[in-house]
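Reader: I would like to go through this structure by question and answer. Please show it to me before we start.

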Amino acid sequence: MGLDYAGRNASLSAHYLYTLIQKRKAAVSSFFMSNGGNVLVGVATSLLLSALALGVFSMKQMDGPEGRLHMFFRAVRHGNEEQALKAASGDKRAIALLANEVLRLLQSGARYDVIEVKRENNEAIALVEFRLGRFIERSVWFLRRSEGEWKVDANRTALASYGYPRRYLPL
């Protein structure tokens, strides 16, 4: 009888554990089913808001001085003179000098990075780094906001970064 009692006890314990596990599974499953909509809506809302914030941030960044530099460099790379002139202001010879230097670097396979941009009111200074293998060329680019639009200040940039003769520039 002792063996029978122990066997029956063991089988009751196994049955109890099985029932407990099934109840827990059902409870967890029903929790996620009943709150699943809320959880999914919360996750979807978070993702949507994150994407929106990143989109607004990147749009604002592209409207600023860094965006104008990218616009100028892309225009030069693709040979779009009209777009390059739209992104820059100043003497056309200074703009041409900057465009030729950038084109020379990009055609040789160099990549550029805008390392840092410092703004003060309607003026900005950007440090741009061109890299080709172990070769690094850094240049300082000046930008100015006029009528709400940022533009590369070709005269100051050409003078500061490439030694464009001052006597040729109407400063």
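Reader: Which residues lie nearest the centre of the largest pocket?

Author: This is a predicted model. The largest pocket holds about 220 Å³ of space. Its lining is made up of 13 residues, and those nearest the centre are Glu-81, Ala-84, Ile-95, Ala-96 and Ala-99.

Reader: Which element gives the most to the lining of the largest pocket?

Author: Elements that give two or more residues to this lining are α2, α3 (81–87) and α4 (92–107). With six residues, the one that gives the most is α4.

Reader: How many residues in the lining of the largest pocket are nonpolar?

Author: Sorted by class, the lining has two charged and three polar residues. The nonpolar residues in the lining number eight.

Reader: How many residues of α2 are buried?

Author: Buried means under 20% relative accessible area. The residues of α2 that count as buried include Arg-68, His-70, Phe-72 and Phe-73. α2 is mostly covered, and of its 13 residues the number buried is ten.

Reader: What should helix α2 span, at 1.5 Å a residue?

Author: Helix α2 covers residues 65–77, which makes 13 residues. The expected span is 1.5 Å times one less than the number of residues.

Reader: Which residue with a positive phi follows α2?

Author: The phi of this residue is near 70°. The residue that follows α2 is Gly-79.

Reader: Is Asn-121 buried or exposed?

Author: Asn-121 sits in the loop between β2 (111–120) and β3 (123–132). Its phi is positive, near 55°, although Asn-121 is a residue other than glycine. Exposed means over 50% relative accessible area. Asn-121 has 65% relative accessibility, so it counts as exposed.

Reader: Where does Glu-147 lie?

Author: Glu-147 is not a glycine, yet its phi is positive, about 55°. Its relative accessible area is 82%, so Glu-147 is exposed. Its place is the loop between β4 (135–146) and β5 (149–153).

Reader: What pattern does the chain follow along the sequence?

Author: The chain has five helices and five strands. Read along the sequence, they give the pattern α-α-α-β-α-β-β-β-β-α.

Reader: What percentage of the residues of the chain count as buried?

Author: The chain exposes about 12000 Å², and carbon and sulfur atoms supply 58% of that area. Of its 171 residues, the share that count as buried is 27%.

Key
Residues numbered from 1 in each chain as written. Predicted model: local features only at pLDDT ≥ 70, side-chain atom pairs only at ≥ 80, totals over all residues. Heavy atoms only, no water. Helix = DSSP H or I, 4+ residues; strand = E, 2+ residues; numbered from the N terminus. Buried < 20%, exposed > 50% of the residue type's maximum accessible area, 1.4 Å probe, protein only. Areas by Shrake-Rupley, 256 points an atom, 1.4 Å probe, with all protein chains shown as cover. 1 Å grid on protein atoms, 1.4 Å probe; cavity = no way out; pocket = protein on both sides within 12 Å on 5 of 7 lines; lining within 4 Å. Points joined across faces, edges and corners; volume = space filled by probe spheres on them. Nonpolar A, V, L, I, M, F, W, Y, C, P; charged D, E, K, R; others polar.
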